[in-house]
Amino acid sequence: MNLATSLARIRRRPDRRLGTTDSGTVDDGSRPSLSSFAGRLYLASIGFALLPVVVAVGRAVVNGWTPLSDDALFAVRARDVFSYHNFPLVGLDSSTSLVAGTELHHPGPLQLDLLALPVRIFGGSAGLAVGVAIINVAAIVGIAVFAYRRGGALTGTLAMLLTAGLCWTMGSEALFEPWQPVAVLLPFLCFVVLAWSVSCGDLVALPVAALAGSFVLETHVSYVLLVPILAIWALAGVGLVLRARQREDPAGWPRLRRQMVRSVTIAALVFVVCWLQPLIDEVVGQGNLGRLLTNSSGGSRAFGYRYGVQLVASVVAVPPWWFRPSMNQTLLPSSGWTAPSLFTAASTLVALAVVLGLCWWSARRATDLETGRAAITAGLAVLAGLATAGRVPITVFGLEAHVFWWLWPISVFSFFVVGLTLTRRAAGHVQRHILIPVGTLATAVLAILAVPTLAQGLTPNTREYAVPTVHAVNAQLGRLTDRGPILVDPLLKSRLGDPYGLAIIAELQRRGIPIVAQDPTLVGQLGSHRRYTGRNARSELYLRVGNDRLVLPAGATQVVDHQGIGPSERRELAGLEAKISTYIRQGRLRLSQAGQDARRRAPDLVPDVQHADPDTLIGSGELNVLFDAGYLQLDHAWAPTFERFASLHNLEDVDTVALFLAPLPR
């Protein structure tokens, strides 16, 4: 059965769409079948919207993508879904644990459950990428199907245009990224569309919304207000529609009631199945849901509603809104971003409210239920965003942009409402012969622009430089077979945020080498059955990266040695260090204007290079940081020398990896 036939079967006739009128006052030009010209263009727009996801995951698999940093934990726990002892009942550890003073996890393991089968079939690397891509493909198709059910080919094409735009903003490498803040963006947009569809009386959307909402809420705790508020609105909306239909068509009410009971029953079953594991944990486990509710307010640690208004407005009301390069700049003080003033933020949010209000008023005048309900859905999403932003706790890292990435789908849907209002007021022939073709073409353009490799600045996929090194290190881990159980805590103590430790843990698990952990946070990530008791491990594994020096216990033996550069490059690097050291000692090194500005802002972070000790400047890696940031003033004769030095030094510092195995006292 092809896509056109599938969509045709689930689409109902206009006179059976709950809550719509048959007066014909809204001529959306999209009533022809999917085999018509407009229908085929709509189907083409779906294909274009899916293109970036398919290309990105295919490229990742062909290039041997491997999960690094936190991504590796998803491979570990997805495999555990098929394990009796380590079966996950909750999601991965949440960063809110750092401020709550207690171990907190994301509400549920539904993401791990959905990734388990692809990981089992294709392995921890390809399977993880394929599993995430499948979820994103399902979200895009869900948006397309239920937008089509609300308004036909024109509405569906508009939805695909904006979905492709969100993919373009996210960047291709985010489209198979399992990290929760990224992995839920397209599913959350799908849930917003489903909530809108349910509020219009679409009972078919109800079970799908239960699945999508559960997935989003279980995967990331920041949606703890967003999903329930939109779900309550959806149920209230469908209740109003059903009540109206009961009054308007008493004879048809028994049939409609049976349909309602069937849909509600299926939705309830889906909801229970999705939340069964967290509920079991609440009864026999650590009670994670109760802990989350106890620590949900953020208290004095929260950003507060004043700053929350500024944060929300920065994405949904202030240019560049959700467009590129917002995800690499907006909410990132390190990129030079500063929050708009409270007056600007409040004014632009009021302007957005006025625009959405006008959309609702226009829809009401035209007896256009779908557009009116879409405007209400968008408005409630923004209000829920404001409530969420004010309660987000401040972690030790300060403002973490990824915690607020749900703002991007909300902003996209707000744009969708405006586009829906404008396009549905146009004449039918304009929609069929101009708007749908233009929308399909624009979707194709955005999809093609989203295809080239692009990783956002804060996702684990930005560290793909480490993938070849991880492959080389993992290939040597067979030496640890029959050496377990191994205490893995030292793997994460080499340097903050290195990409190797968790990837090595995932490979040990894949090879069937037993691992245990002592740190409570790591135990929470790996499962309580991997807790170190003081007697259930034979040795511990240490990681050394680059020039880091670890104090190794007596008896430690090296089991892995991967050099980032070869002997000839090492000799070249030593010669460059000598030349640059002399250059610095002569006082010839200067800061550029950007470097001088940075030093004035943060004198403790940017050294006075003219009077700095060369050995300290080079050995600490500060010289590389300054060069990469463009903070050094170099003439044309010396710039190539520094560039080559920085390149070799980075290779040595990042790609040199060694592992040491040390016995534990018995």
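User: How many helices and strands does the chain have, and how are such elements assigned?

Analyst: Helices (H or I, at least four residues) and strands (E, at least two) are DSSP runs, numbered from the N terminus. In this predicted model, the secondary structure of the chain comes to 27 helices and seven strands. The radius of gyration is 27 Å, close to the 26 Å that the globule rule gives for 666 residues, so the chain is as compact as a globular protein of that length. That radius is taken over C-alpha atoms, and the globule rule is 2.2 Å times the number of residues to the power 0.38. Along the principal axes, the C-alpha trace spans about 85 × 60 × 50 Å.

User: What share of the residues in the chain is buried?

Analyst: Buried means under 20% relative accessible area, exposed over 50%, and partly exposed in between (1.4 Å probe, protein chains only). Buried residues make up 55% of the 666 residues. The chain exposes about 27900 Å², and carbon and sulfur atoms supply 62% of that area. Accessible areas come from the Shrake-Rupley method with a 1.4 Å probe; for residues, only the protein chains shown count as cover.

User: What percentage of the contacts with a separation of 6 or more joins residues 24 or more positions apart?

Analyst: A contact means heavy atoms within 4.5 Å. Among contacts in the chain with a separation of 6 or more, 80% are between residues 24 or more positions apart. Ser-214 gives a local case: it is placed in helix 9 (residues 205-219). Ser-214 is buried, with a relative accessible area of 3%. Leaving out residues up to four places away in sequence, Ser-214 touches Leu-110, Ala-209, Phe-271, Cys-274 and Trp-275.

User: In what order do the five strands of the open sheet stand?

Analyst: Strands of a sheet pair through backbone hydrogen bonds, either parallel or antiparallel. Two strands pair if DSSP finds at least two bridges between them. Here five strands form an open sheet in the order 2-1-3-7-4, and the pairing is mixed. Strand 2 (515-516) and strand 4 (557-562) stand at the edges, each with a single partner strand, so one side of each is left without a neighbour in the sheet.

User: Which strands pair in the parallel sense with strand 1?

Analyst: Strand 1 (residues 486-487) pairs in the parallel sense with strand 3 over two bridges. Strand 1 and strand 2 also pair in the parallel sense, over two bridges. At residue level, Leu-487 has Glu-540 in strand 3 as its bridge partner, and Ile-486 has Ile-515 in strand 2.

User: Which peptide bonds are cis, and where do their prolines lie?

Analyst: The bond from Pro-319 to Pro-320 is cis, with omega near 10°. The bond from Arg-324 to Pro-325 is cis, with omega near 10°. Pro-320 lies in the loop between helix 14 (305-316) and helix 15 (326-329); Pro-325 is found in the loop between helix 14 and helix 15.

User: Where does Ser-69 lie, and is Ser-69 buried or exposed?

Analyst: Ser-69 lies in the loop between helix 2 (37-62) and helix 3 (71-80). Its phi is near 50°, a positive value in a residue other than glycine. At 9% relative accessibility, Ser-69 counts as buried. Leu-331 has phi near 70°, also a positive value in a residue other than glycine. Leu-331 is found in the loop between helix 15 and helix 16 (342-365), and is buried with a relative accessible area of 0%.

Notes. Residues numbered from 1 in each chain as written. Predicted model: local features only at pLDDT ≥ 70, side-chain atom pairs only at ≥ 80, totals over all residues. Heavy atoms only, no water.
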